[in-house]
Amino acid sequence: MAEEVVVLAGGCFWCTEAVFLDVVGVKSVESGYTGGEVANPTYKQVCGGDTGHAEAIRVTFDPEQLSYDDLLDIFFATHDPTQLNHQGNDIGTQYRSAIFPQNEEQERKAREGIARANAEHDGRVVTTIEPMGDWWPAEGYHQDYWATEGQRNPYCIAVIPPKLQKLRKSFQARAKSATAQA
């Protein structure tokens, strides 16, 4: 079976990228922008909150190693899908929780994933399903940020390790780092 792509927004893309780079079956993760009105936006424009874009990640994965359902469950477990237009101290629509399905099957499964997450969060999930619009890759220095600049960035040091710990604890068989230690 061919690789599949999913586009997810769950707050700061540095944080979601770091999590999904550690998931077994994920082939690549690209940080970028989608869901807005401005062509080829910059990080500064998106952070300003006026473009309509979300900071998002485009995940390429092998569906024989990682199901779309499992991928969504990891997504919901490693960010707070009950926070409207923010994650922690990151506030604005650019930090919204959203899924951008690539096809009707992904959209159907996204609705099922939201229902599963709602069962765990007392019906408070605010994650939206939005049409897949243009994808704009983020500037080069945002790619694989945790492995480069992120480990010197106080924000990332505070936010990313707890997300990775949650992945490794709740999805031990799915975390590359956890399976490498076994």
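Glu112 and Arg108 join their side chains in a salt bridge, 2.5 Å from N to O. A salt bridge here is a side-chain nitrogen of Lys or Arg within 4 Å of a carboxyl oxygen of Asp or Glu. This is a predicted model: local features need pLDDT of at least 70, side-chain atom pairs count only at pLDDT 80 or more, and totals for chains, interfaces and linings use all residues. Residues are numbered from 1 along each chain as its sequence is written, and side-chain values use heavy atoms, without hydrogens and water.

**Salt bridges**

The count is 11 salt bridges. Glu112 and Arg108 sit four residues apart in helix α4, so about one helical turn separates them. Helices are DSSP runs of H or I with at least four residues, strands are E runs of at least two, and both are numbered from the N terminus. Glu107 and Arg111 also lie in helix α4 (residues 104-120), four residues apart.

| Salt bridge | N to O distance |
|---|---|
| Glu112 and Arg108 | 2.5 Å |
| Glu107 and Arg111 | 2.6 Å |
| Arg96 and Glu130 | 2.8 Å |

Arg96 and Glu130 link distant parts of the chain, 34 residues apart. Both are buried, meaning under 20% relative accessible area; exposed is over 50%, and partly exposed is in between (1.4 Å probe, protein chains only). Glu112 is partly exposed because its relative accessibility is 34%. Arg108 is partly exposed too, at 39%.

Asp69, Glu105, Arg108, Lys109 and Glu112 form a network of salt bridges.

**Helix contact**

Trp14, Cys15, Ala18 and Val19 in α1 meet residues of α5, including Tyr155 and Leu167. Contact means heavy atoms within 4.5 Å.
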